[in-house]
Amino acid sequence: MIKKCREVFEEKFGGDGEIRQYFAPGRVNLIGEHTDYNGGHVFPCALTIGTYGIARKRTDRKLRFYSMNFETTGIVESSLDEVKPGADSLWTRYVKGVIWAFAEKGHVIETGFDFLCLGTIPNGSGLSSSASIEVLTGTILKDLYGFDVNMVDVSLYSQLAENRYVGVNCGIMDQFAIAMGKKNHAIFLDTATLDYQYAPVQLEGAKIVIGNTNKKRGLGDSKYNERRAECEKALEEIQAVKKIPSLGALSEEEFEEVKSAIADPVRVKRARHAVYENQRTIRAVEALKNNDVAQFGQLMNASHVSLRDDYEVTGIELDTLVEAAWKQPGVIGARMTGAGFGGCTVSLVKDEHVDAFIAGVGAAYRGKIGYDADFYVVEIGDGPQVLA
Ligand code: GLA
């Protein structure tokens, strides 16, 4: 894969000078959805699919970009002087956003670079293709310009780029999961403090199967920001009766005691999801530590129900995929993953049932929705790498 990228890079930009090669993964979240902007816990992992990148420092202020995923766009030329929020609508905004965010944090680059990428994550599938490019860019900036920035900061600068340059008010989960990924481990992250622990995911005799609804999900035009605002308002209403920093600080019992402070029944549901999902995530990680994979799966199922009924971010495509998954033999648990409103599901499926699972869920989906879902049996991979 990287060899092909290198060839195309040399063909587009020429083969002189020091050319460096990189990879940053995508991510899937196992449980803890829509908790990361509510001071709760998440439990994502990096994947072995992701974004390959090639870069070479320039001596002038030019930036030249090429994506093998958007070949018709061709080479995009820009300059460091054009790196400003709101100036860009192409895929290159993810790269420029990170250049901008690094500069905001005092890591200014004076010369540009040539950049080529190839993503193996389906765009808009909810497996964080954009966060993958952002963290890839952070990794490149660190390596090419020698910035002394740790990977947690790379994730924070990438989030800053997404929030302020791209204009999507996302939490820290995606960028953190990608920057801090570790093979065969998921990351139990407390988004209130950024404390994290790696938990081995040893699914004896089972695989992680991702189902792609093929319904594109653009975070910007989705109701993501609306959900976030609903949670913020509910928090404010609760804070009038109880001093808490975030919804993630509440136990289920505490929430039940204070929920009458929330004036609107819809906001009660939104906040209930945030609180219960956080507690479910803590319990799920505990179950996994105790090798109770069945319990982990039950909690994944409960997470989906809450996202469907209380948070209302699923929709017919995700519900059809997940509900068909629940009916298949050998399924330990299944839920939507990521922001929702389309995108992907994640299921844990026993090895010997994987083929039948894909056939059965695929047929049910096509029957109801009228087009195909795609399935990927994935592996948990490491964070970003500088490739030889
Ligand atoms: C998107 C955002 C994340 C997180 C999830 C929902 O992936 O980028 O920050 O909020 O949705 O859990």
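Author: Here's the sheet, then its helices, then the ligand site. Heads-up: this is a predicted model, where local features need pLDDT of at least 70, side-chain atom pairs count only at pLDDT 80 or more, and totals for chains, interfaces and linings use all residues. Numbering starts from 1 along each chain as its sequence is written, and side-chain values use heavy atoms, with hydrogens and water left out.

The sheet is open, with four antiparallel strands in the order 9-10-8-11. Strands here are DSSP E runs of at least two residues, helices H or I runs of at least four, both numbered from the N terminus; two strands pair if DSSP finds at least two bridges between them. Strand 9 (331-337) and strand 11 (374-378) are the edges, and each has a single partner strand, so one side of each lacks a neighbour in the sheet. From one strand to the next, the twist averages 20 degrees; angles run from 0 to 180 degrees between N-to-C directions of axes fitted to C-alpha atoms, for helices over the stretch in contact.

Strand 9 is joined to strand 10 (residues 344-350) by six bridges, and alanine 334 has serine 347 in strand 10 as its bridge partner. Helix 9 (residues 293-309) lies across strands 9 and 10, at about 35 degrees to strand 9. Helix 10 (residues 316-327) touches strand 8 (206-212), strand 9, strand 10 and strand 11, and its direction makes about 175 degrees with that of strand 9. Contact means heavy atoms within 4.5 Å.

As for the ligand, a backbone N or O atom of alanine 339 lies 3.5 Å from one of its oxygen atoms. For histidine 34, a backbone N or O atom is 2.6 Å from a ligand oxygen.

Methods: A polar contact is a pair of N or O atoms within 3.5 Å; within protein, one must be able to donate a hydrogen and the other to accept it, and residues adjacent in sequence count only if both atoms are side-chain atoms.
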